[in-house]
Structures are given as structure tokens and as C-alpha cells.
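Please view the sequence and the model together before reading on.

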Amino acid sequence: MIWEELQSEVDALRAAGLKRERRTLDFPCGPQARVDGRPLISFCSNDYLGLANDPALIDAASAGARTWGVGSGASHLVSGHLRPHAALEQKLADFTGFARALLFSTGYMANLGIVPALVGRKDAVFADRLNHASLIDAVQLSRADSQRYPHGDLAALERLLAASPARRKLILSDAVFSMDGDLAPLPGLLELAERFDAWLVIDDAHGFGVLGAQGRGSIAHFQLPAARRLLYMGTLGKAAGAAGAFVAGDTTVIDWLEQRARTYIFTTAASPAIACALLASVELIASGDARRRRLWQLIAQLRDGLAGTRWRLLPSPTAIQPVLIGDNHETLRVAGALYERGLWVPAIRPPTVAAGTARLRVSLTASHSDEQVALLVDALRELA
């Protein structure tokens, strides 16, 4: 029976230490959490600047809901594109330095919309091997030839591009890799895109708001121009503290996505109240140098505190600080021991990461205190 087959597969996941467990929080997003009555310090959130529960965003969302309601009522191309959406798109374009921006409901939907709109059969996509699942799925949906290059290996990518007879070529990469916290070699990727007449699509989910001057993202971090062949995707549910995503680029390209990105065309527009909150968020990101400095201080505190232990920290300069353990069950054991001490750190296992590289994924935010990070460091040193 199909039910027994499914149960058997779930049981196999549990036996292999791969079954994911969902927990329900009783607090809003922030360093302090409570789950099933247990108080915890959370190191799980992507709310890197601590804006998810910021009073300015709450006030903006409340005022937006009173003025515009909570629902848009239709897709953007029917009647769901309200003035706050238009204002947010213009603000994001100006902020990132591109000609136009287009809003999507989620980063996953943005990626699924972008790639199939730009390439298809007889075309080729050249993707970093550690790309996010949404980028992998986007390539499959496009039906283009999929060419994966070793993580960050520009020489291997160059060889693949040179050998490809594809009609159109598209280079696809995360900017900050979500499980390792390292940065893609964006200047080299753009140079190859220029040389081989390829699109370059960058997913900056974990860089927007954090990296670069005024938090303008990984493109600004590397001081790259807003090139015509470059498409920049940023999410709005991480450092921006709300929900949604956008893609920014050349006017003609964004016009094309507006007409061909199915995940934009065939879905109801996001709440105008969220758009109002995000207008306030972009202002706070632009003026948020103090928050970013605070985040870098906490990153240094964690890395310095774990130096000399048996735990291997991957070389991440970002808020994502992976502690590599290796074995699935050992990773779960350490995460469980931290949980018993009131410290909530997610255990990341295959297939999210490669077999043998299970890890704790520590996410730091500007809202964490020195004392909270010190508790985590002390617990990890004891467990080591």
C-alpha cells in the first residue's frame, strides 16, 4: 500500500538522522524564543539586522493596512499592483543602482520565474554546484542544458563556457552561499559573462541589506557596475525583516520578465501592508551602518571564542557561521545538547549539504547581545 511505503520512507529518514522536525514559536522573531514553554536563545533566524520586529516596520505595516487593506485582490498585471508596490519597486531600483525592479512574493518564486524566462531548449545554464535549491529547480524548469561547475571555480566555468555551442548562455550563482556563508567570485563571474556574451543571474538573498555600502548588497560589496547583462535578485524576508523578493536589472530585461515570468504573472500580488513595511525597511537598511558594525563585532566574538577548539568553522565573513561536525547523528547530538542548555542552533544535514558535512548553522543578528554569544561559545567549548 502506498501509505505503508511513505511511512517506511519517513522511518528510514529518522533512522538515518535526516528527519526534519518543526517547532512552533510563542514569541515574535528575535534572539529570545520560547518553544513548548521552554525559553531559548535563537541562533536560527535570517533576520540579520533585527528588523523583523522593529517598531518602525510594525507602524508602517499598520498604517499601510489601514490605508490599503491587507490584500491586493489580484495579480500585479490584473488589478493587484497598488501604489505601495510601485513605490517599493522604484525605491529598490534606486537603492541597488539598477534601472528597474520587479517584486515577487518569495525569493523561491523569483528564481523560478527568472531563469525559464531567459533560457530554454538549446540554451545552457552554468550553475555553481552549491547553489540554493530554488536555483537548481529553476534550471530544471527552464529545460536548458544544465552545466554545473565546482564551487567558485572560475577556471572550470571558463572551460565549460568556451566548449558550449548553446544559443544563449546564463551563469547562475548565489552571492552568499546559504550553508557555507562564503561569497561567490562575482567580479570573475561578470568578466566571464561579458567575454562569453552570457546572462549573469545573482541570488543575493543573504547579502542584501548586510554587505556593501549602506547594505546595498554583494554587487556593491565588490563595487561592480549595474551591467546590462546582470540580473540581481534580493529577498525581503531576511535582512529586510518582512517578506517577498525582487529582481533588479536593465529596463528591457525587467520588461521581458514582467511579460514572461510565470511566477510573477500567475500569482496574487503580496499584501500592500507588507510593501509599506518594506518602504520603511529600505530606509533603515540605508541608515543601518551601526547595525552592520554590531553584526561584524558578534561574528568576530564567535570566531575568536571558538578558535583552538576541535570545531571547524568554515571560512565565512558573513552572518552565516557554519560549525562543521560531519556525522549526522553527532550533529543532532550536539544540537540537542545545546537545546538542553537553552541555545537553539539548527542541525543541517544531507541533502541540504553534502554527505559527511553535517553542521550546526549559527546565524547571528545585530539583535544578539555579547552575553548571548558568549553563552553559545562557552557551551560549544564545553561540548568540544
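## A nonpolar surface patch

A patch is made of residues with over 30% relative accessible area and no salt bridge, and nonpolar side chains are joined into one within 5 Å. The structure shown is a predicted model. On its surface, a nonpolar patch is formed by Met1, Ile2, Trp3 and Leu6, which together have about 530 Å² of accessible area.

One member of this patch, Trp3, belongs to helix H1, which covers residues 2–15. Exposed means over 50% relative accessible area; Trp3 has 59% and therefore counts as exposed.

The space in the largest cavity amounts to about 110 Å³.

The lining of the largest cavity consists of 18 residues. Those nearest its centre are His85, Leu103, Phe104, Ser105 and Ala270.

The largest share, 3 residues, comes from H12.

## A cis peptide bond

The peptide bond that runs from Pro350 to Pro351 is cis, and its omega is near 10 degrees. Pro351 lies in a loop, with strand E13 (347–348) on one side and strand E14 (358–363) on the other.

## Positive phi angles in two loops

Lys122 is a residue other than glycine with a positive phi, near 75 degrees. This lysine is found in the loop that connects helix H5 (107–118) with strand E4 (124–128). Is Lys122 buried or exposed? With a relative accessible area of 72%, Lys122 is exposed.

Gln223 is likewise not a glycine, and its phi is positive at about 55 degrees. Its place is the loop between helix H9 (218–221) and strand E8 (230–235). The relative accessibility of Gln223 is 72%, so this residue counts as exposed.

Methods
Residues are numbered from 1 along each chain as its sequence is written. This is a predicted model: local features need pLDDT of at least 70, side-chain atom pairs count only at pLDDT 80 or more; totals for chains, interfaces and linings use all residues. Side-chain values use heavy atoms; hydrogens and water are left out. Patches are made of residues with over 30% relative accessible area and no salt bridge: like charges are joined within 9 Å, nonpolar side chains (Val, Leu, Ile, Met, Phe, Trp, Tyr) within 5 Å. Accessible areas come from the Shrake-Rupley method with a 1.4 Å probe; for residues, only the protein chains shown count as cover. A salt bridge is a side-chain nitrogen of Lys or Arg within 4 Å of a carboxyl oxygen of Asp or Glu. Helices (H or I, at least four residues) and strands (E, at least two) are DSSP runs, numbered from the N terminus. Buried means under 20% relative accessible area, exposed over 50%, partly exposed in between (1.4 Å probe, protein chains only). On a 1 Å grid over the protein atoms alone, a cavity is a set of points where a 1.4 Å probe fits but cannot get out, and a pocket is an open set with protein on both sides within 12 Å along at least five of seven lines; lining residues have an atom within 4 Å of a point. Grid points are joined across faces, edges and corners, and a volume is the space filled by probe spheres set on the points.
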